[in-house]
Amino acid sequence: MSTPHHHNITTPHHLTISTPQHIMIKNILRLTRPKQWIKNFFVFIPMFFGGELFNINSIELVTLTFFAYSFVASSIYCYNDIVDVDADRNHPVKCHRPIASGALSIRMGYTLMIAMFVLGIGVALLLPPEVMSNVMAVIVFYYVLNLAYCSKLKQYAILDVCIVAFGFVLRILAGGFACELPLSNWIVIMTFLLTLFMSFAKRRDDVLRMNETGEAPRKNTVRYNLTFINQAITITASVTLVCYIMYCVSPEVVERFQTPYLYLTFVFVLIGLLRYIQIAVVDQKSGDPTKIILRDHFSQIIVVAWLLTFLLMIYVL
């Protein structure tokens, strides 16, 4: 008789101590979105294309830049959810976000926003002085731009996706500054176009939801429709592919890597773009690019195959 009695006393006591902490941590992680940090791997692109992939010093500097950028990006996610709290409460999916659902208070949101920003700047300060000022300037500019984006600029169609795409250009710029590598014009153009393509695909998901429910998930969704989005996706994907081929056959790249065969890797880029369009148009699941990369095995195989082929051509052959 004593054992069940003891169990009845201790179990609720155990739950009351651990469960709120567990829920709080879970909600903090949902607000700061560390899963979205995958986007910040763009800071490693200059190092990869610059032939510095196995340079330990470059790896250390770019890794610090990655974490600095990631913490600052998490600060932006906090601010975004604070600003969008009313709109999120009316959204079928976003209503479950921690602040919109009431799981975290707006005050807690601001506290986390400041903490993440301070943490990001603190990590950036660990960089050597010769690169720190440039990396810091890019990160602060990214932060200010995204505060403006969350507050107002994302309400304007086309401008919204261009700012998102430009954010990725800033990521590779920060990575280039961190390992002191100049960026090729083609890399900058390709980064902008590729992320613009993905942003348009994401907006397509909003248009589909608007067509189904009659309500616009974002204020600017009414300025998009499927015809426009489909054409924008086609244009950006096509130009991205052309730019990639132009990069691969450009004299400076052929000379730097001592191989005229880089252009053969365009096959993986083409298949990758087509797969993404298939997910957007056929499966109609283009709402979150990060989830697509993390869940779609076909896309993962294509990315890995491209990486390995490119890596072999640059570093081995």
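# An all-helix chain, questioned term by term

From the N terminus on, the protein chain runs α-α-α-α-α-α-α-α-α-α-α-α-α-α. This is a predicted model, in which local features need pLDDT of at least 70, side-chain atom pairs count only at pLDDT 80 or more, and totals for chains, interfaces and linings use all residues. Residues are numbered from 1 along each chain as its sequence is written, and side-chain values use heavy atoms, with hydrogens and water left out.

Q: What makes up the secondary structure of the protein chain?
A: The chain has 14 helices and zero strands. Helices (H or I, at least four residues) and strands (E, at least two) are DSSP runs, numbered from the N terminus. The C-alpha atoms fill a box of roughly 80 × 50 × 45 Å, taken along the principal axes.

Q: How do you know that the span of helix α14 agrees with its number of residues?
A: The expected span is 1.5 Å times one less than the number of residues. Helix α14 (residues 297–316) has 20 residues, so it should span 28 Å. Its end C-alpha atoms are 27 Å apart, which agrees.

Q: Why are the buried residues of α14 said to line one face of the helix?
A: The buried residues are Ser-299, Ile-302, Trp-306, Phe-310, Met-313 and Ile-314. Seen down the axis of α14, they fall within an arc of 95 degrees, so they line one face. The arc is that of the directions from the helix axis to the C-beta atoms. An α-helix has 3.6 residues a turn, so residues three or four places apart point the same way. On the other side of α14, His-297, Ile-301 and Val-316 are exposed.

Q: What do the buried residues of α14 pack against?
A: They pack against α2 (45–49), α10 (226–249), α11 (251–257), α12 (266–281) and α13 (289–295). Contact means heavy atoms within 4.5 Å.

Q: Why is Leu-112 called buried?
A: Buried means under 20% relative accessible area, exposed over 50%, partly exposed in between (1.4 Å probe, protein chains only). Leu-112 has a relative accessible area of 10%, so it is buried. Leu-112 lies in helix α6 (residues 106–124). Leaving aside neighbours within four places in sequence, Leu-112 is in contact with Ile-28, Leu-31, Cys-78 and Leu-104. The C-alpha atoms of Leu-112 and Cys-78 are separated by 6.9 Å, although the two are 34 residues apart along the chain.

Q: What share of the protein chain is buried?
A: Buried residues make up 45% of the 317 residues.

Q: What makes a set of residues a nonpolar core?
A: The set holds buried Ala, Val, Leu, Ile, Met, Phe, Trp, Tyr and Cys residues joined through side-chain atoms within 4.5 Å. The largest such core here has 86 residues; those with the most contacts inside it are Phe-49, Tyr-69, Phe-200, Tyr-247 and Phe-310. Helix α3 (residues 56–83) gives the most to this core, with 13 residues.

Q: Which residues does Tyr-247 contact, leaving aside its neighbours within four places in sequence?
A: Among them are Phe-49, Trp-186, Met-190, Arg-256 and Phe-310. Tyr-247, Phe-49 and Phe-310 also belong to one aromatic cluster, together with Phe-48, Phe-54, Trp-306 and Tyr-315.

Q: Why is Glu-180 called exposed?
A: Its relative accessible area is 56%, so Glu-180 counts as exposed. Glu-180 sits in the loop between α8 (159–178) and α9 (185–213). Its phi is near 55 degrees, a positive value in a residue other than glycine.

Q: Why does Gln-258 count as exposed?
A: Gln-258 has 64% relative accessibility, so it is exposed. Its place is in the loop between α11 and α12. Gln-258 is not a glycine, yet has a positive phi of about 55 degrees.

Q: What makes the pair of Phe-66 and Phe-67 edge-to-face?
A: Rings of Phe, Tyr and Trp (its six-membered ring) pair if their centres lie within 6.5 Å; planes under 30 degrees apart count as stacked, over 60 as edge-to-face and the rest as tilted. A search of the whole structure finds 23 aromatic pairs. Phe-66 and Phe-67 lie 5.1 Å centre to centre, with 80 degrees between the planes, and form an edge-to-face pair. Phe-66 is buried at 6% relative accessibility, whereas Phe-67 is partly exposed at 35%.

Q: Why is the pair of Tyr-69 and Tyr-142 called tilted?
A: The ring centres are 4.7 Å apart and the planes are at 55 degrees, so the pair of Tyr-69 and Tyr-142 is tilted. The pair links distant parts of the chain: Tyr-69 in helix α3 and Tyr-142 in helix α7 (residues 129–151), 73 residues apart.
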